[in-house]
Amino acid sequence: MTTVESRPVGALLREWRERRRLSQLQLSLDADISARHLSFVETGRSKPTKEMILRLSEQLDVPLRERNGLLLAGGYAPAYPAGSLDAPELAAVLTALRQVLAGHEPNPALVVDRHWQLIDGNDSAGLFLEGAAADLLEPPVNVLRLSLHPAGLAPSIVNLGEWRAHVLSRLHRQATATADPVLRDLHAELRDYPCDQPEPEVELPGAGDVVVPLRFRHGGAELSFFSTTTVFGTPLDVTVAELAIESFFPADRSTMDFLRNR
């Protein structure tokens, strides 16, 4: 649920502009308003209309949840609903998610929220849960914590240093883009987990690699995956906008055969 912002909306808009590394002139050109008007909005000399807040939020690519917060800070009602996945109005969304998960079998696929908490997964996703400590599997399960925790998947990841660097880099970019304190805290937590492998500062391909692979041991087999992320293209609901499907594909023939025969 969005809480009322106690800070002035102009100051919040200025922070988002600075976070996106835009000058007042550039944002005013993008939003088709005068730089003088934007300056007055940011300093509180001019009260922005609801339409102005939404226009600036769109140009700044502010997440829907935070757009609602900006509207509240400006004295307006939120514009974007935040439904529950089990609500009737989101039934079609939930059905679509489950169809995608089922259709991805025998390959693993997960649905996660904005904080990387597990919402749903197909049967093959259980491959990543086997052997993890019970407390890591207590809902809500955070899939990034599960993957890098020493009592989770980490001991089985063959290229832990490479995979960990990829996950932390991705999470850092997400936390910076969204200004989400939960993601910042999660990044700090995961960064403190032990790792006995070197972590590359820059992602460079290994022999034959075209994406960063996840290589891990399962029983006597070494499996290799690459992943894709799918989001809804035109979300107008906060909950829907924050959902993502993480789909894993076999990166080699032996992994493909393992999944088909499992």
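This is a predicted model: local features need pLDDT of at least 70, side-chain atom pairs count only at pLDDT 80 or more; totals for chains, interfaces and linings use all residues.

Reader: How many bridges join strand 1 and strand 2?
Author: They pair over 3 bridges, in the antiparallel sense. Strand 2 covers residues 118–121. Val111 stands opposite Asp120. Val112 has Leu118 as its bridge partner.

Reader: Which other strand pairs with strand 1?
Author: Strand 5, residues 244–250. That pairing is antiparallel too, over 4 bridges. Ala109 stands opposite Ser247 there.

Reader: Which way do the residues of strand 1 point?
Author: Ala109 and Val111 point one way. Leu110 and Val112 point the other way. All of them are buried.

Reader: What about strand 3 and strand 4?
Author: They pair in the antiparallel sense over 5 bridges. They also form a hairpin, with 2 residues between them. Gly219 in that turn has a positive phi of about 65 degrees. Arg217 has Glu222 in strand 4 as its bridge partner.

Reader: And how do strand 4 and strand 5 pair?
Author: In the antiparallel sense, over 6 bridges. Phe226 has Phe249 in strand 5 as its bridge partner.

Reader: Let's zoom out. How many helices and strands are there?
Author: The protein has 11 helices and 5 strands. Its C-alpha trace spans about 65 × 45 × 35 Å along the principal axes.

Reader: How much of the protein is buried?
Author: Of its 262 residues, 42% count as buried. The accessible surface comes to about 13,900 Å². Carbon and sulfur atoms account for 54% of that surface.

Reader: What share of contacts comes from residues 24 or more positions apart?
Author: They make up 61% of the contacts with a separation of 6 or more.

Reader: Now the inside. Which residues touch the most other members of the largest nonpolar core?
Author: Leu190, Phe216 and Phe225. That core has 30 residues. Several elements give two or more residues to this core, among them strand 1, helix 7, helix 9 and strand 3. Helix 8 gives the largest share, 6 residues.

Reader: What does Leu190 touch?
Author: Leaving out residues up to four places away in sequence, Leu190 touches Leu144, Arg145, Leu148, Arg164, Leu168 and Leu171.

Reader: New topic: rings. How many aromatic pairs are there?
Author: A search of the whole structure finds 6. Phe128 and Phe216 form one that is tilted. Their centres are 5.5 Å apart, with 55 degrees between the planes. The pair links distant parts of the chain, 88 residues apart. Phe128 lies in the loop between strand 2 and helix 7, and Phe216 in strand 3.

Reader: Are those two buried or exposed?
Author: Phe128 counts as buried, at 8% relative accessibility. Phe216 is buried too, with a relative accessible area of 1%.

Reader: Why is the pair of Phe216 and Phe225 stacked?
Author: The ring centres of Phe216 and Phe225 are 6.1 Å apart and the planes are at 20 degrees, so the pair is stacked. The cut-off for stacked is planes under 30 degrees apart. Both Phe216 and Phe225 are buried.

Reader: Which residues do ring pairs link into a cluster?
Author: Phe128, Phe216, Phe225 and Phe248.

Reader: Last one. Which rings have an arginine over the face?
Author: Trp16 has Arg19 over its face, at 4.5 Å from the ring centre. Phe40 has Arg45 over its face, at 4.1 Å from the ring centre.

Methods:
Residues are numbered from 1 along each chain as its sequence is written. Side-chain values use heavy atoms; hydrogens and water are left out. Buried means under 20% relative accessible area, exposed over 50%, partly exposed in between (1.4 Å probe, protein chains only). Two strands pair if DSSP finds at least two bridges between them. A nonpolar core is a set of buried Ala, Val, Leu, Ile, Met, Phe, Trp, Tyr and Cys residues joined through side-chain atoms within 4.5 Å. Contact means heavy atoms within 4.5 Å. Rings of Phe, Tyr and Trp (its six-membered ring) pair if their centres lie within 6.5 Å; planes under 30 degrees apart count as stacked, over 60 as edge-to-face and the rest as tilted. A charge sits over a ring if NZ of Lys or CZ of Arg is within 6 Å of the ring centre and within 35 degrees of the ring normal. Accessible areas come from the Shrake-Rupley method with a 1.4 Å probe; for residues, only the protein chains shown count as cover.
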